[in-house]
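Look at the sequence and the structure first, then read on.

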Amino acid sequence: MCSIAGMIDTGRDVRALDLSEMRDAMRSRGPDQCGQYRDASAALFHHRLCVIDPQNGRQPMLLHRDGTQAVLVYNGELYNTPELRSALRALGHSFTGHSDTEVLLHAYAEWGEGCLERLNGIFAFAVWEPEKKRLFCARDRMGVKPFFFAERKGAFLFASELKGLLAHPWVEAEADRDSVLELLLTGPGRTPGCGVFRGLRELPPAYCGVFDENGLRLRRYWKLTPREHTESEADTVAHVRQLVSDAIERQLVSDVPIGTFLSGGLDSGVISSVVNRYMRERGQRLVTFSVDYTDNRKYFTAGKFQPNTDTDFIPGLRDWLDCENVLVTLDMEELADALFEAVEARDLPGMADVDSSMLAFCKRIRKHVTVALSGECADEIFGGYPWFRDETIRAAEGFPWAQSTMYRAAFLRPEWLAGVDPREYVMERYRRTVEDTESLPADSPADRRTREMTRLNTDWFMQTLLDDKVIYS
């Protein structure tokens, strides 16, 4: 996890502005290195958590090529770095280190915006081209890495977290009616692109943009689209196995210690198994991390989301993997104390106990490893939630996880709801996502609904979980 931030202003000299608070607001995301780039029109900042090539991956990173300069700030990880590096070397590029940052910068220098079509990874980055006075920015397809921005006085401001923008002297922490409705009616999710505070926005997943003297222009560069499924069941199983294993193994390139979460469930169990095999082949032993809560067995209540406690299955998986397992037990006082820090980290109200437990858990395991893989978001991709299978819930209009709109609206004073129908406010966002979901002519009604449900989950529910992982881990 790293942080990026910056200011671009083609109409005035930004060197006289004190942007130190903006630079330092997100220091906790990158405690290992801090860097900045300043010229008359641009100020770029980076805080780095070192995972790959600590010496040669420093940012902002500059490249001089063919008489022009490009400056990159980047938060993320490219999983096809070796393939990209080979392709670029064949085109005449040379490299001083082995970081993905350097490869990304060269990829942009070679292919411009077209580099996005070649990237396999999670990222939010910005490239400043001083001679053109042009900033290019982009966010990964699923929106794993955050990118917030604002336009003020003709300038473009961006940051990995809202607090980075709010630290800028031109940005006020102002809430309006849209802010309140987002928090109360759609929260903890957010309408794609919404930054909640007045005038603040988020670059949506799979979007890129250009800012220059003509202003800001955004475009979507990728969209989830359907394809006819022609594989046999056996081929499908083999294909999914290959894709999942490849996705996991590509995340294991690191110059720092790596572990995995082990909840006892299928998703973290599959990931831990693949990582365990990978590490054993290299003579290493996997360290896994599990969480439990004081008196959990005493107070646990079974439900559709969780029919039994995770800890029932952790010992069996631990023994089968023959791995080291660190069990972290959190008590209620620790979780309550973490609530305040979790809201501060997220910059917005979130999922309460989920947020505080994730923060407390990650703090504990940080003493052991720098990087930990988890099974977060497997349910969105593979249809693990009850609403994928319960026909009544699946058929109902609206977000399946948000069926309490009027209860939430009851907490608002009448003036905040003047002229607003709470149900329609939420349903309009639901319909916007459903209408943007493509299907195939041969799809049955059930197939179409499954596609819609997948988009609802990836665009909304999954984004809330990703907010947790990129901020607290």
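**Salt bridges in the model**

Arg250 and Glu83 join their side chains in a salt bridge at 2.8 Å, N to O; the term stands for a side-chain nitrogen of Lys or Arg within 4 Å of a carboxyl oxygen of Asp or Glu. Arg250 sits in the loop between helix 6 (233-249) and strand 13 (258-261), while Glu83 belongs to helix 2 (residues 81-90), so the pair ties together parts 167 residues apart in sequence. Helices (H or I, at least four residues) and strands (E, at least two) are DSSP runs, numbered from the N terminus. The model is predicted: local features need pLDDT of at least 70, side-chain atom pairs count only at pLDDT 80 or more, and totals for chains, interfaces and linings use all residues. Residues are numbered from 1 along each chain as its sequence is written, and side-chain values use heavy atoms, with hydrogens and water left out.

Arg250 is partly exposed at 22% relative accessibility, and Glu83 is partly exposed at 40%. Here buried means under 20% relative accessible area, exposed over 50%, and partly exposed in between (1.4 Å probe, protein chains only).

A further salt bridge links Asp312 and Arg297 at 2.8 Å, N to O. Asp312 lies in the loop between helix 8 (296-299) and helix 9, and Arg297 in helix 8, so this pair connects parts 15 residues apart in sequence. Asp312 is partly exposed, at 39%, whereas Arg297 counts as exposed, at 58%.

Salt bridges with shared partners also join Arg139, Arg190, Glu202, Arg346, Asp355 and Asp467 into one network. The structure holds 39 salt bridges.
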